[in-house]
Every structure is written in C-alpha cells, then in structure tokens.
Amino acid sequence: MSVTFRDATEADVPAILSLLIDDKLGATRESTRSDAYLPTFREIEADPNNTVIVGELDGEIIATYHLTFIAGLSLSAMRRAQVEGVRVASRLRGQSIGEAMFADAEQRSRAAGCKLMQLTMNKSRTDSARFYERLGFTPSHIGYKRDLT
C-alpha cells in the first residue's frame, strides 16, 4: 500500500472533515459544514510555519495531520514541530499508514530545522498512546487546557 503525502488544498477540506468526524471524539465536536472551516484553513495555508497534510491512496484522501513549526527560546532556542489532528480512515487503521504519516512528518520537521517533534492527545485514546510510544514518543510532560468560550 503506497500512500502519497502532500500539502492539503482548500478543495481537500471536506475530505479532511470527514476524517476528523470518522472518530469517536471528532464525531461529537466537529461540524460537517466545511464553509465554517475555510477561513481557518486559509489562515493556516498563509502561514509558512503551518501546514495541513493529506495522505492519498489511489486518489482518495485517507489520512491527515496538521504540522506547526515553533520557534522558542527554551531548550537552547530549539525549533520544534507540533503534530496535531492526526487521523487515518477508520477502515484502514492497522495497515502501517500511521507509521508512513509520521515518517513524512519527521522528514518535513527535520527539513525545517526542528530538533524535536511533539504532540498532545486526549487521555481517552489509549490505542493512540501505544502507537505513539511504539514510534519513539515518550509521555514526558503533562498538558493542560483551558476552555476560553
């Protein structure tokens, strides 16, 4: 199975939303109205340190992730990559697509001068935790979020 990863385009937003919704948590918090997401997609697309990536298999978008490059003064001014919104079509999980996706993310991160990749995930995603640890990620930090609505 050969998945090709590329930068997403505005035309890909409906397929990306389908992947975000094809998920236990995403089904409860995402909207099917792609027009609500387009202004944010355009903002991401205009930022050279942000990109949404899609994975294609036989012309179908079957995976996605959001990659952000962050400059920071801590850790000796180390540039880092933040990976978010990771999804693989539920019918294709367990077929090494996630591994290929993170290999793509790592290659892009290294090319951008990043020395660290980081991500957060919902604590209820125990399968995801095992997957990330298998890829070499360590649960080294505790994350907090505060709703501002």
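Me: Does Ala-11 count as buried or exposed?

Reply: Residues are numbered from 1 along each chain as its sequence is written, and side-chain values use heavy atoms, with hydrogens and water left out. Buried means under 20% relative accessible area, exposed over 50%, and partly exposed in between, with a 1.4 Å probe and protein chains only. Because its relative accessibility is 69%, Ala-11 counts as exposed.

Me: Where in the chain is the place of Ala-11?

Reply: Helices (H or I, at least four residues) and strands (E, at least two) are DSSP runs, numbered from the N terminus. From C-alpha to C-alpha, Ala-11 and Leu-38 are 9.7 Å apart in space, although 27 residues separate them in sequence. In terms of elements, Ala-11 has its place in the loop between β1 and α1.

Me: In what order do the elements of the chain run from the N terminus on?

Reply: The secondary structure comes to 6 helices and 5 strands. Read from the N terminus, the elements run β-α-α-α-β-β-α-β-α-β-α.

Me: What is the radius of gyration of the chain?

Reply: The C-alpha trace spans about 40 × 35 × 30 Å along its principal axes. The radius of gyration is taken over C-alpha atoms, and the globule rule is 2.2 Å times the number of residues to the power 0.38. The elements of the chain run β-α-α-α-β-β-α-β-α-β-α. For 149 residues that rule gives 15 Å, so the chain is as compact as a globular protein of that length, with a radius of gyration of 15 Å.

Me: How many residues of β3 are buried?

Reply: In soluble globular proteins, nonpolar side chains tend to be buried together. Strand β2 is mostly covered, with 7 of its 8 residues buried. Strand β3 is also mostly covered, and its buried residues number 9 of 11.

Me: How many bridges join β3 to β4?

Reply: Two strands pair if DSSP finds at least two bridges between them. By this criterion β1 and β2 pair in the antiparallel sense over 4 bridges, and β2 and β3 pair in that sense over 8 bridges. Strands β3 and β4 run antiparallel, and the bridges that join them number 7.

Me: Which residue of β3 does Glu-56 stand opposite?

Reply: Glu-56 of β2 has Thr-4 opposite it. Elsewhere in the sheet, the bridge partner of Val-52 in β3 is His-66, and Ile-70 stands opposite Arg-80 in β4. On the β3 side, Glu-56 stands opposite Ile-61.

Me: What phi does Asp-58 take?

Reply: The hairpin of β2 and β3 has 2 residues between the strands, and Asp-58 lies in this loop. Asp-58 is exposed because its relative accessible area is 79%. Its phi is positive in a residue other than glycine, near 50 degrees.

Me: In which helix does Ser-76 lie?

Reply: Phi of Ser-76 is near 60 degrees, a positive value in a residue other than glycine. Ser-76 counts as exposed because its relative accessibility is 75%. Its helix, residues 74–77, is α4.

Me: Which element has the lowest mean pLDDT?

Reply: The chain averages a pLDDT of 92, and 99% of the residues score at least 70. Where pLDDT is low, the predicted coordinates should not be read in detail. Strand β1 (residues 4–7) has the highest mean, 98, and the lowest, 74, belongs to helix α2.

Technical notes: This is a predicted model: local features need pLDDT of at least 70, side-chain atom pairs count only at pLDDT 80 or more; totals for chains, interfaces and linings use all residues. pLDDT is the predictor's confidence in each residue, from 0 to 100.
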